[in-house]
Amino acid sequence: MVNKAQGLGLNLITKIAGSDLLDQFKLRKFIEKSLYQGSKAGFKTLSATQKAFKSDSNVTKQRLPNQQKSLFDLSLTEEQQMTVDAMDQFAAEVLYPLAHQADHDEKFPAELWQHSIDLGLNYYALPEALGGVASEKNIVSNILIAERLAKGDFSLAAGLLSTFSVINALTQWGSETVQATYLPAFANDAEIQATFAVQEATPAFNPMLLKTKATSSNGAYSISGEKTLVLLGETADLFLVSADFNGKPDVFVVNRDHTITVKKSPAMGLKATETVTLKFENTPAQRLGDEDFNYSYFLDLGNLMWCAMAVGTAEAVKEYSIQYANERTAFGEPISHRQSVAFMIADMAIEIDAMRMLILNAASLAESGLPFHREAYLARLLCAEKSMKIGTDGVQILGGHGFTKEHPAERWYRDLRATAVLHSGLHA
């Protein structure tokens, strides 16, 4: 019911904002200000607090129930369509205009955090009991959100979704103690930032074989080791860190403190996410899950989010390539009239649809509580290969222009290559 009300509200805001009547009667600024304050107040359920994580004994363990549905029906519900429309508008009007300068500056735009708070993004992940809108597993909806945001920009979407994904992981896997400590804090303070530390600087990195180690002494855990390509790691207040514990990979919750050393590690892509290397030296930690934690599924859900973002950015590449090919002329006609160009764009469309169907199939199984490892693995393989190909083809269609920063194709090319490199780092 809350999801439906949320969706109707977003739909109403979208329709009002697009009306010409506001300009005719000179009411646009007044209405926009009212909607801004209303949406902000609607999402604000608890008073703001300091960025301190205190366990709340009144919070019971949150586990969203599986959805009951036909797995072969991948059509969007009314609420999902409303959410998709809102994210499409946010990506086009907020993310895309900021993307070029953010990539150039290698800096995540500070104003984007306020936009995210106004959008209420994190409340899609928080359970209803804590003031959010999640009443059951919404993995497909989370995938759709990631895809639509990444159509605006891959890097900015990854940065926005880092905290959102941490909340998803805490809700899905967190022990009662962990949830009581951290989930109320996210509900209270929309400015808390969180991220994942999974990747390690080893050749052909395997997330199942970790050099970062976790130890336990008298029931207290500590982490030692190094993680690289951590999104927004310099400013995050909280980390989900993967580490080897008693010979098996596990995930731990870590608060930022003086035992963590930060070193900038700029990468080929994802420049706006300010990637860093973190070194942990006997850093205090809490184990994320308990008996129901499944590390393999944890990775699979993260990979699905990366794949969804790859599809969104690939869609942006396709649309930009079509526009460019129709407008660019050679020998007296648009280059889209050439079969080599037309076939390349047609292949993009086919590959994007194939990736999207595999991702949604895996997400639908996960949402229903059924095994989905095989499907997630196949989706990752296809997305890793085809998203890089689409990025390459986008540069190729633009020719010399594709090699310059005048057009976004080279940025998309660099960002899409992260799909095949990074493991997890987000969570559906």
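How many nonpolar, polar and charged residues does the lining of the largest cavity have? The structure examined is a predicted model, in which local features need pLDDT of at least 70 and side-chain atom pairs count only at pLDDT 80 or more, while totals for chains, interfaces and linings use all residues. Residues are numbered from 1 along each chain as its sequence is written, and side-chain values use heavy atoms, with hydrogens and water left out.

Two cavities of 30 Å³ or more were found in a search of the whole structure. A cavity is a set of points, on a 1 Å grid over the protein atoms alone, where a 1.4 Å probe fits but cannot get out, and lining residues have an atom within 4 Å of a point. The volume of the largest cavity is about 140 Å³. Its lining comprises 15 residues, of which Leu64, Asn138, Asn142, Asn168 and Ala428 are the closest to its centre. By class, seven lining residues are nonpolar, six are polar and two are charged; Asp, Glu, Lys and Arg count as charged, Ala, Val, Leu, Ile, Met, Phe, Trp, Tyr, Cys and Pro as nonpolar, and the others, Gly among them, as polar. Helix H7 gives the largest share of this lining, three residues.

Aspartate 153 is located in the loop between helix H6 (139-152) and helix H7 (154-173), helices being DSSP runs (H or I, at least four residues) numbered from the N terminus. Aspartate 153 is counted as buried because its relative accessibility is 2%, the cut-off being under 20% relative accessible area with a 1.4 Å probe and protein chains only. Beyond its neighbours within four places in sequence, aspartate 153 is in contact (heavy atoms within 4.5 Å) with Leu95, Ala99, Arg411 and Asp415.

Notes
Helix = DSSP H or I, 4+ residues; strand = E, 2+ residues; numbered from the N terminus. Buried < 20%, exposed > 50% of the residue type's maximum accessible area, 1.4 Å probe, protein only. 1 Å grid on protein atoms, 1.4 Å probe; cavity = no way out; pocket = protein on both sides within 12 Å on 5 of 7 lines; lining within 4 Å. Points joined across faces, edges and corners; volume = space filled by probe spheres on them.
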